Structure formats: structure tokens, C-alpha cells
Amino acid sequence: MGRFHRHDDGTVHAHEHHDHDHIHEHQHEEERAELIGDHSGYATGRERIEVLEDIYAENDRFAAANRAALDAAGVRAVNLMSSPGSGKTTLLQRTLAALEGRVRVGIVEGDIETPLDAERLDGFGAQISLLNTGNGFGGECHLDAPMVARALRGLDLADLDLVIIENVGNLVCPAEFEVGEHRKAMVFSLPEGEDKPLKYPVMFRSVEVVVVNKVDLAPYLEFDMGLFRRNLEAVNPGVTVFELSARTGEGVGAWVEWVAGGI
Amino acid sequence: MHEVSLSLQLAAAVSRAARGRQVRVVYVAIGALRQVVPEALEHAWVFTVRGTPLGAAELDLDLLPAVLTCDECGADTKLGPELGFGCAACGSAATRVVSGEQFTLTAIDIDIEKGTCDGTFPPT
Ligand SMILES: Nc1nc2c(ncn2[C@@H]2O[C@H](COP(=O)(O)OP(=O)(O)OP(=O)(O)O)[C@@H](O)[C@H]2O)c(=O)[nH]1
Ligand SMILES: [Mg+2]
Ligand SMILES: [Zn+2]
Ligand SMILES: [Zn+2]
Ligand SMILES: [Zn+2]
Ligand SMILES: [Zn+2]
């Protein structure tokens, strides 16, 4: 056992490494608030420093700043999530066509690898901002708030009523990252299967609207809508559901009214 | 899923807290709703810190369950791996998450040979 070392706060712990007689300052003694008081249970030569830093806090700060910027411009934002290929971009094409000339829409396009989705949304009079991969949390699996902050700078918010953020196709982590949106919605499509709310409850629970897309495929699938709705209700009671086909346009109207609502 | 980006964020937070001191252990509390795969995080961490001043730092993960509280009967339910959101006591779906969203750097263990003596005394 080495010598004991007394901190200003009265705690004591042992040093193995000093055989010199000394009074010395630990760097952390200037910041004693960060210390766990009792070092006595410790092997010598090490010290535990309490940190308590929420790793998502920075994302949440950016999200709050994004929301403040949107609010200041009077713009409402919807974060649209889904698994890959559920039909987000197809639904957005329908949505932009329906809102053209009525609501000024900006799109934050989360297809960060290719310009393909952004090209499909061209020609409806909407402002479109592409994302770049940052070195924060975000990337190929979800958008984070710093990425969306950069994308929002590519939009003239003063000239918009609504921003729709097409998130990365993924049922896991996009649900965990606030990006500054006012409302979250997701697209689910029939071929994905009735069990998905139970397998991805964090996602299905995070939204206020679930679009059930590709209903035009119902005749070809053995999709049990009742079972799906029960599974969904089990993870997100009272959630709003719009059954529609982004391909045929059937049922899209109710979604469009919701997304443009409050404007 | 994004364990590499989480590792990078974590390493940045650890570096800030360490202020140049040698870090040996990094304690992280992770709630189940963060959907982190511990093995993937460990792997990403090794890869993230290799060749950096944090190269000797190991992760110590405290995996916390998600806990729901029931608005109908008041019971708490610990979520299993399937993460259903119903109350285990009464079956009600009217539950609220009260724990499980943590991703917190709780503490670090540092060597006190390094940096603690401010260079005033030669290390023995
Ligand atoms: N049958 C049918 N096909 C659809 C419908 N909506 C979209 N699709 C098709 O589904 C495929 C994927 O649609 P997208 O709109 O690109 O899906 P997405 O969610 O934007 O995909 P990612 O951005 O890659 O995640 C395309 O081939 C669409 O034509 C629909 O209502 N019915
Ligand atoms: Mg798309
Ligand atoms: Zn000492
Ligand atoms: Zn000390
Ligand atoms: Zn992710
Ligand atoms: Zn209950």
C-alpha cells in the first residue's frame, strides 16, 4: 500500500506510485464537483472521476435550435421515417403535387448517398435541400440534428410554410434522434408484414401518424390488416393511421390534409 | 447500428473530461431503448481509440432495462428483449417510459501517475 492522499474535501485514498514526501495538487481539485467523494474502495494508482455527460445532449441542443429557427420563420416541420422502400419518396411526390400552389413546402432529403430521391421530387415547385454526411452521430443509418441544421441553411425558411424531412430508410435509429421537427410520421407498407410494430416498437411508438402504404397490393398479399392494427395499437395506442396507395393515389387526401394541417 | 458514431461522440466526451490524463476505464450507462448492441459498441470503441491518447481505455457498460409505468394500475414493467409496451400486471397499453433512454458517460478511471503531480516531482 502506498501513502494516503487527502483531498480538500476530506476524502482519502492511497497512492502506490509516490515514494516522495510531498503535498501536491490533483488537477481535479480545482473542479472538485466532478469528483466522487470516496476513493477509498480503490486500487491504488487509479482514480475515478464522475462525469455524467449525456452523449445525446448535443444532438438535442441542435434539435432545439432547429425548432427555434423553424418557429421564428413560422414553419412547421414533419420528420418522415420508414424502412427502406416503404414509399416515402413516392408519397412525397403525391404530397407535393397536391400542395403545389397552396402550401410552400421545403424538403430535406435524407438520401445521402445519391441524388436520386431529390431528382424525383424536382418539378413540383418545392425547395429541396440535400444533406451531407457530417461527422456527428448521423450518416447512412439516420439523420441527426446537426445534419438537419446544415440542410435547413440550404432552405429559405422565410419563404416556406412546411418542411418535410425524408429520413434515411431504417426502422431502428431514426426514431431515437430528434432533429427539430414538430411532428413525426412514418410510412409502413403492406409487404413488410403485420409483425413489424412488435419488432420495431421504438419506431412505431415514436410517431403520431402511421401511413399504411401500398394498399393496392392487398389482393396479391395475405396481409391481415386487423392483426397489423392490433399490433400497432399494442405499442402505440391511439395512433392515427392513414391507409393509402402512393402509387394509385387512393386515400392520399387524408394524409395530405394532416401534413398540411396547422398551417 | 450507429455504434461507430456513438464511439466518436463518446471519445470526444471522454477526452474533454480526461484533460490529457491517462484514461483506463470508461463507464457508460446505456438504456435498452437506445438499441445499442454492446458487442458492436465495444468493437467500434477499440477501432475508434486505437492509436489515440485513449488507446488504453476500456469500456465498462452498464446496460439498463427499459422500464414502463402503467397509467391504469400504477405497476412498473421491465421490458424484455421483445420490447412490448403493455403493462405486465394488467395488460393495459396505457404506459409511459420512465427509464431506458440513457446513454450517459457516467465516469472515467484515470491513472494518477500522469498529470497529477504537475511535473513538480519526478515520477518514481
Ligand atoms: N405497389 C406500390 N408500390 C409503391 C407504392 N409506393 C411506392 N411504391 C414503390 O416502392 C418502391 C420504393 O418506393 P420509394 O418511394 O422509393 O420508397 P422510399 O421509402 O422513399 O425508399 P428509400 O428512400 O430508399 O428508403 C418504388 O418502386 C415505388 O414505386 C404503392 O403505394 N404501391
Ligand atoms: Mg426515398
Ligand atoms: Zn499523489
Ligand atoms: Zn485524488
Ligand atoms: Zn443510426
Ligand atoms: Zn397496469
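1. In the second largest pocket, α2 and α3 of chain A each supply at least two lining residues; helices here are DSSP runs of H or I with at least four residues, numbered from the N terminus. The model is predicted, with local features needing pLDDT of at least 70 and side-chain atom pairs pLDDT 80 or more, while totals for chains, interfaces and linings use all residues. Residues are numbered from 1 along each chain as its sequence is written, chains are lettered from A and ligands numbered from 1 in the order written, and side-chain values use heavy atoms, without hydrogens and water.

2. The second largest pocket has 19 lining residues, and A:Gly85, A:Lys88, A:Asp117, A:Glu166 and A:Gly169 are nearest its centre. The top contributor is α2(A), with three residues.

3. Around ligand 1 there are 19 residues, the nearest being A:Lys88, A:Thr89, A:Thr90, A:Arg120 and A:Asp216 (near: a heavy atom within 4 Å). α2(A) provides the largest share of this shell, three residues.

4. A:Thr89 has a side-chain N or O atom 2.7 Å from a ligand oxygen, and for A:Arg247 the corresponding distance to a ligand oxygen is 3.0 Å. A polar side-chain atom of A:Asp216 is 2.7 Å from a ligand nitrogen.

Note on methods. Polar contact = N/O pair within 3.5 Å; in protein donor to acceptor, adjacent residues only side chain to side chain. 1 Å grid on protein atoms, 1.4 Å probe; cavity = no way out; pocket = protein on both sides within 12 Å on 5 of 7 lines; lining within 4 Å.
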